[in-house]
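Subject: Structure for your files

Dear colleague,

Here is the structure I said I would pass on.

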Amino acid sequence: MTHKWKYWDSYNPEDYLGFVYKITNLTNGRFYIGKKYFWYNKKKKLTKKQLAEQTGPGRKPTTEIVKVESDWKTYWGSSKELLADIKSLGEDKFECTILRLCKTKNQLTYFEMHYQCKNDCLISPVFTYND
């Protein structure tokens, strides 16, 4: 089952690299803050036709980089404890919210840490799934 990421405004994933999110357990208020990429780069071998079409001096590339969509629509975080609770309680007992859309890796890393620090994720692990 897929879930819908809640966000206060409409957005186009094509315009961003990823997002910082918060998943909240609605039964006890515990939450998890993390980051997720919309896209990742994958190396793909060139076909024989593409290799034959290459001209010019120098060594010819044998691969190309292809932008591929990640599993962000069905993603539930990397915390084993969170995933166990989702499995036992059910997906409907959790709310998934996008806190910030980001255009660069640096923004993703910065804002993930910003929201984790702001919410004392690493100081009070009793209230969060972050470890």
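The notes below cover the sheet, the helices, the cores, the aromatic pairs and one asparagine.

This is a predicted model, in which local features need pLDDT of at least 70 and side-chain atom pairs count only at pLDDT 80 or more, while totals for chains, interfaces and linings use all residues. Residues are numbered from 1 along each chain as its sequence is written, and side-chain values use heavy atoms, with hydrogens and water left out.

The sheet. Helices (H or I, at least four residues) and strands (E, at least two) are DSSP runs, numbered from the N terminus. Two strands count as paired if DSSP finds at least two bridges between them. Three strands make an open, antiparallel sheet in the order 2-1-5. Strand 2 (31-37) and strand 5 (94-102) are the edge strands, each pairing on one side only. On average, neighbouring strands of this sheet are turned by 25 degrees against each other, direction ignored.

Strand 1 (residues 18-25) is joined to strand 5 by eight bridges, with Gly18 opposite Cys102. Strand 1 also pairs with strand 2, over seven bridges, and here Val20 stands opposite Lys35. Strands 1 and 2 form a hairpin with five residues between them, and Gly29 in the turn has a positive phi of about 85 degrees. Buried means under 20% relative accessible area, exposed over 50%, and partly exposed in between (1.4 Å probe, protein chains only). Seven of the eight residues of strand 1 are buried, so this strand is largely enclosed by the rest of the structure.

The helices. Contact means heavy atoms within 4.5 Å; axes are lines fitted to C-alpha atoms, for helices over the stretch in contact, and angles run from 0 to 180 degrees between N-to-C directions. Helix 2 (residues 80-89) lies across strands 1, 2 and 5, at about 140 degrees to strand 5. Helix 3 packs on the sheet, touching strand 1, strand 2 and strand 5, and its direction makes about 180 degrees with that of strand 2.

The cores. A nonpolar core is a set of buried Ala, Val, Leu, Ile, Met, Phe, Trp, Tyr and Cys residues joined through side-chain atoms within 4.5 Å. The largest has 17 residues, of which Trp5, Phe19, Tyr21, Ile23, Leu82 and Phe94 touch the most other members. Strand 1, helix 2 and strand 5 each give two or more residues to this core, and strand 5 gives the most, with four. Apart from it lies another core of eight residues, among them Phe31, Leu108, Tyr115 and Cys121.

Aromatic pairs. Rings of Phe, Tyr and Trp (its six-membered ring) pair if their centres lie within 6.5 Å; planes under 30 degrees apart count as stacked, over 60 as edge-to-face and the rest as tilted. The whole structure holds twelve such pairs. One of them is Phe38 with Trp72, edge-to-face at 4.8 Å centre to centre and 90 degrees between the planes. These two residues are 34 apart in the chain, and both are buried.

Asn130. This residue is found in the segment after helix 3 (105-118) and is buried, at a relative accessible area of 6%. A polar atom of the Asn130 side chain lies 2.8 Å from the backbone oxygen of Ile33.

Regards

How values were computed:
A polar contact is a pair of N or O atoms within 3.5 Å; within protein, one must be able to donate a hydrogen and the other to accept it, and residues adjacent in sequence count only if both atoms are side-chain atoms.
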